[in-house]
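Hi,

Here is the structure I promised to pass on. Have a look at it first, and my notes follow below.

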Amino acid sequence: MDKWPIGVFTSVDAGLGVKLEVARELGIPTIQLHAPAASTRTAEQAARFLGRLNDYGIRLTCVFGGFEGESYADIPTVARTVGLVPPETRAARTAEMKEIADFAKRLGCDVVALHLGFIPHDRRDPLYAQVLDVTRDVCDHCKRNGQSLHLETGQETADGLLAFIGDVARDNLFINFDPANMILYGTGEPIDALRKVGRLVRSVHCKDGTWAADPGKEWGREVPLGRGDVGMENYLRTLLDIGYQGPLTIEREIPQDPERQKAEIGHAAGLLANLKRKLGMA
Ligand code: MG
C-alpha cells in the first residue's frame with residue numbers, strides 16, 4: 001500500500017466535511033467520514049455508500065463520531081458540549097458511539113475516532129475516573145468489532161493525553177493527531193507534541209492554524225494549509241521520523257463556502273504531494 005496517501009475529511013449529512021464528490025473530483029484516494037445522522041446509519045445506506053466508494057476508487061480509512069448538541073463556538077462551550085465527557089449526555093452518546101462503530105464495521109472500516117471532550121487535568125477529579133470508564137467501554141466494544149479507537153488531539157496537552165491513554169490501558173486506543181488543534185486550543189507546540197505522542201499516532205489531520213493572542217482562553221484561527229503556524233514541511237518530516245505511514249487527511253472546515261473549501265483542499269493536496277516528493281515518500 002502507498003505510504004502517506006492523501007485523504008480528505010468528508011461528510012454525508014452530518015458534520016463539517018466535504019462531500020464525497022469533492023474527493024472524487026480532486027482525485028483524492030482516501031477519506032475519513034464523519035458519521036452520518038442516526039436515521040441514515042442503516043444497512044441499506046452502508047451498502048449504497050460502499051458502492052459509491054468502490055465506483056470512485058476511494059478507500060475509507062476512519063469513521064469519526066460526532067453528536068447532536070456539540071458546539072465548537074468557543075473553548076468553554078466545547079468543554080460543556082463536546083464528546084463523552086459531559087455527564088448529562090454521556091450514556092446516550094456512548095450508546096450512539098457504539099452504533100457508529102457498528103456502522104463503520106458495515107463499511108468495512110476498522111478505525112473509529114472522536115473528540116472525547118475535555119478530560120479533567122486532575123487525575124483525582126471524580127470525573128476523570130468516569131471518563132476512563134466510558135473510554136474503556138467504547139474501546140472494548142470496538143475491540144469486539146475488530147476496530148481501533150483514535151482520540152482526536154487538541155483538547156489535552158501531549159503529556160495529559162499520554163497519561164490518560166496509559167490509564168485507560170487498552171491496546172486498541174490510539175491517536176488521530178491534529179497539529180492545528182494544538183494551536184487553536186493553545187495546548188502546546190504541535191511538533192514537540194507529535195514527537196512525544198508519536199508511537200501512538202495511527203491517523204493524522206493535515207490542518208493549519210495561527211496562535212491566539214491569549215492561547216487556551218480564546219481560539220486560534222484555522223487557515224489554509226501552509227499559511228499557518230504548524231510548518232507543514234517540518235510536520236511531515238516529523239511524521240517521517242516517528243515512522244508514520246498512514247494517510248495524510250486534509251481537514252478544512254469552512255462549510256459556509258463550499259467552493260472556496262474545495263479550492264483550498266485542492267491546493268492543500270498539491271502542497272502535500274510536493275512535500276511527499278521532496279521527502280522521498282512519493
Ligand atoms: Mg481534526
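Among the buried residues of α4 are Arg93, Met97 and Phe103 (buried: under 20% relative accessible area, 1.4 Å probe, protein chains only). Elements covering them include α2, β3 and α5 (contact: heavy atoms within 4.5 Å). Just after α4, Gly108 has a positive phi of about 70 degrees.

Before you go further: this is a predicted model, where local features need pLDDT of at least 70 and side-chain atom pairs pLDDT 80 or more, while totals for chains, interfaces and linings use all residues. Residues are numbered from 1 along each chain as its sequence is written, and side-chain values use heavy atoms, without hydrogens or water.

The magnesium ion has Glu152 (OE), Asp178 (OD), His205 (ND1) and Glu251 (OE) as protein donors, 2.0 to 2.2 Å away (donors: N, O and S atoms within 2.8 Å of the metal, or 3.2 Å for Na, K and Ca; water is not among the atoms, so sites may look incomplete). Asp178 and Glu251 sit in loops 73 residues apart, and both are buried.

There are zero disulfides (cysteine sulfur pairs within 2.5 Å). For Cys109, the nearest cysteine sulfur, that of Cys62, is 6.1 Å away.

Best wishes

Methods
Helices (H or I, at least four residues) and strands (E, at least two) are DSSP runs, numbered from the N terminus. Buried means under 20% relative accessible area, exposed over 50%, partly exposed in between (1.4 Å probe, protein chains only).
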